[in-house]
Amino acid sequence: MTYPGLPDQQNTRPATVKPGVAVGILVAVIALVAFCITGFAAPGFLLRKGPGLSLPVPTSSPATTTSSPTSTTESPTSTRVSRPRITPTRNPATPPAQGVQVIVDFLTKIAGSDKPGAIALACEAQKRFMDDKIDSLIPLGSRVQVTSVNGTSRFVLADVAGVAKGRSAKGIVISDLKADGGFCVTTFSIRTTG
């Protein structure tokens, strides 16, 4: 029975994929996957054998090389050049003396019980936290000194050790370069060890 204005429901069939098309798509996907796997498993299989282009070996470098390039002849038409192993040697940068001095001055103010003087050496954004941080980590009167320094032209990280809260303590103090070219104490972390 049909109703006016409604489509005929007896002749509707769901769309199906023909078996031949599905098999063809499946075969194409399998072939593509096999090609990609082979390309990654054996990366040279797509390249032809024979003479090819070799990349030039760098002639100068800021790093020190530990070996020199060697070449081996495989056949009259091809030569393989092995690349030298490059081991960079870095000279650690000497931290700016002004950044180290700010840390030394900060620790001196703490040892001399000068909390306002120590807080004055902190960076502006950190000053509001310094009062509580000094009380909890390195109370006034603590004798802590710089043991080693690292850093760049923009910051100094100092390892410190000494006596805080009547016990052995060690930690770090960091100073950063300010916009005006001076340094200020950014943060510190000192823990008692004994």
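**Disulfide.** I looked up the cysteines and found Cys123 and Cys184 joined in a disulfide, with 1.8 Å between their sulfur atoms. I count a disulfide when two cysteine sulfur atoms lie within 2.5 Å. The structure holds one disulfide. The pair links distant parts of the chain, 61 residues apart: Cys123 is in the loop between α3 and α4, and Cys184 is in strand β8. The torsion about the S-S bond of Cys123 and Cys184 is about 85°, so I noted the disulfide as right-handed. Both Cys123 and Cys184 are buried (buried means under 20% relative accessible area, exposed over 50%, partly exposed in between, with a 1.4 Å probe and protein chains only).

**Source notes.** The model is predicted: local features need pLDDT of at least 70, side-chain atom pairs count only at pLDDT 80 or more, and totals for chains, interfaces and linings use all residues. Residues are numbered from 1 along each chain as its sequence is written, and side-chain values use heavy atoms, with hydrogens and water left out.

**Sheet.** I then followed β8 into its sheet, which is open, has four strands in the order β5-β6-β7-β8 and pairs antiparallel. Helices (H or I, at least four residues) and strands (E, at least two) are DSSP runs, numbered from the N terminus, and two strands pair if DSSP finds at least two bridges between them. β5 (143-151) and β8 (183-192) are the edge strands, each with a single partner, so one side of each has no neighbour in the sheet. From one strand to the next the twist averages 20°. I found nine bridges between β8 and the antiparallel β7 (residues 167-177). Lys170 has Arg191 in β8 as its bridge partner.

**Helix α4.** Axes are lines fitted to C-alpha atoms, for helices over the stretch in contact, and angles run from 0 to 180 degrees between N-to-C directions. Met130, Ile134 and Leu137 are the buried residues of α4. Seen down the helix axis they fall within an arc of 90°, so they line one face of α4; the arc is that of the directions from the axis to the C-beta atoms. Their cover includes α2 (97-111), α3 (115-120), β6 and β8. Arg128 and Asp132 are exposed, on the face turned away from the buried side of α4.

**Lys115.** I ended with Lys115, which sits in helix α3. Lys115 is buried, with a relative accessible area of 15%. Leaving aside neighbours within four places in sequence, Lys115 is in contact with Asp131, Ile134, Asp135 and Leu140 (contact means heavy atoms within 4.5 Å).
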